[in-house]
Amino acid sequence: MAMAVVCVSSSCTFHTNRCKLSSKPPVAAAAVPSSRPNKMRVPFDLKEGQSRIFHELPSGLSMEVIVQKKKNEEKNVEKKPALVFVHGSYHAAWCWAQHWLPFFSHFGFDCYALSLLGQGESDAPSDSVAGTLQTHARDVADFINRNFASPPILLGHSFGGLIIQYYISNLGSDKFEENLYPMLRGAVLVCSVPPSGNSGLVWRYLFSKPIAAFKVTRSLAAKAFQTSLSLCKETFFSATMEDHIVKRYQELMKESSRMPLFDLRKLNASLPVPSVPNGPLEVLVLGAKNDFIVDAQGLKETAEFYGVSPVCVEAVAHDMMLDTSWEKGAEVILSWLNA
């Protein structure tokens, strides 16, 4: 069966207008002062208009949140939903703050990028791994439940997309107490790990692209991307990205992942994500043509799971929000949001 993929190749440009936060706190509740010692030895310097706060979870641990508010809205204009961004493995809130937070705030959206526990500047639990699919989803849900009066839109990248898929699977479920998983306005899955997990991706690579399979395993499982600049570029970025930029992101990735995001064996045992008959919200499944990690079949699987057609963006790699043509994916999402 032919795969229904829409390829986007427009070369749009975007110039960010600097915007400042209002005098009001970025979020209403559960925010604690940001005067804390840096956990990352290579800190990410916030851009103009951004602030760093910390959301305290019921456990007492705090998650880093980078906030960028929209510019003052015109009167009589419909209020746009907030955007909440969830990163994947080896990343943190900074990966959204580089390009996409300025972009979407410029177009009228309040933006909140989370660092999951054990990642970025967030606190780390007393365990060997940062959490499970369930605990990470509950942490995201707690942030939404305590800080938003209206349903936001969740955007997740790579394994962050899988966390959002688990969140969606629990919407409206009567087995949880009310508001444990607050309703969403929509969800965007960016180069997301499919509902069955990453094992299918690995096996397909082993049989069809053994050299690529070796590189992916060495890069991610063995963390060789942290020391090999060329492997880091091949894994996450386009070949045209300048080495000094790749080096900067490589350093941030290394410092972002002080502990593994998941125990992959336990994670795969808990998959696939439960199906959602008559899905309760709209989902955009967005992939990258030059993705070295999530292949076309993985993109198709995720899209079919939600009954939508995937959108595959040309000439971008796995880290779509950081890549040289980062605005291509952002433009697709903006169009979907406005529609």
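Predicted model: local features only at pLDDT ≥ 70, side-chain atom pairs only at ≥ 80, totals over all residues.
Beyond the residues within four places of it in sequence, Trp 100 is in contact with Phe 85, Val 190, Met 320, Met 321, Trp 326, Gly 329, Ala 330 and Ile 333.

Next, show the largest nonpolar core, which has 51 residues. Trp 100 is one of the members that touch the most other members, along with Phe 85, Trp 94, Phe 104 and Ile 333. Which helix gives the most to this core? Helix H11, residues 326-338, does, with six residues. For comparison, select Tyr 112, Ala 137, Leu 267 and Leu 281, which are among the 45 residues of a second, separate core.

Return to H11 and look along the helix. Its 13 residues reach 19 Å from the first C-alpha to the last, close to the 18 Å expected at 1.5 Å a residue. The buried residues of H11 are Trp 326, Glu 327, Lys 328, Gly 329, Ala 330, Val 332, Ile 333, Leu 334 and Leu 337.

Now move to helix H10, residues 296-305. Here Gly 298, Leu 299, Lys 300, Thr 302 and Ala 303 are buried. Step just past the end of H10 to Gly 307, where phi is positive, at about 65°.

The next stop is a helix pair. Select H7 (residues 229-236) and H8 (residues 243-256), whose axes come within 10 Å and cross at roughly 85°. Because of that angle, H7 is roughly perpendicular to H8. To see the contact, display Leu 229, Cys 232, Lys 233 and Phe 236 on H7, then Asp 243, Val 246, Lys 247, Gln 250 and Met 253 on H8.

Then go to strand E4, residues 62-68, and pick Val 65. Is Val 65 buried or exposed? Its relative accessibility is 0%, so Val 65 counts as buried. Leaving out neighbours within four places in sequence, the residues in contact with Val 65 are Ser 51, Arg 52, Ile 53, His 55, Tyr 112, Ala 113, Leu 114 and Phe 143. Tyr 112 was also selected above, as part of the second core.

Finally, zoom out to the whole protein chain, with its 11 helices and 10 strands. Of its 339 residues, 56% are buried. Among contacts with a separation of 6 or more, 77% join residues 24 or more positions apart. With the surface shown, the chain exposes about 15,200 Å², of which carbon and sulfur atoms supply 51%.

Key
Residues numbered from 1 in each chain as written. Heavy atoms only, no water. Core = buried A, V, L, I, M, F, W, Y, C linked by side-chain atoms within 4.5 Å. Buried < 20%, exposed > 50% of the residue type's maximum accessible area, 1.4 Å probe, protein only. Helix = DSSP H or I, 4+ residues; strand = E, 2+ residues; numbered from the N terminus. Contact = heavy atoms within 4.5 Å. Expected span 1.5 Å × (residues − 1). Areas by Shrake-Rupley, 256 points an atom, 1.4 Å probe, with all protein chains shown as cover. Axes fitted to C-alpha atoms, helices over the stretch in contact; angles between N-to-C directions. Parallel < 35°, antiparallel > 145°, perpendicular 65-115°, else oblique.
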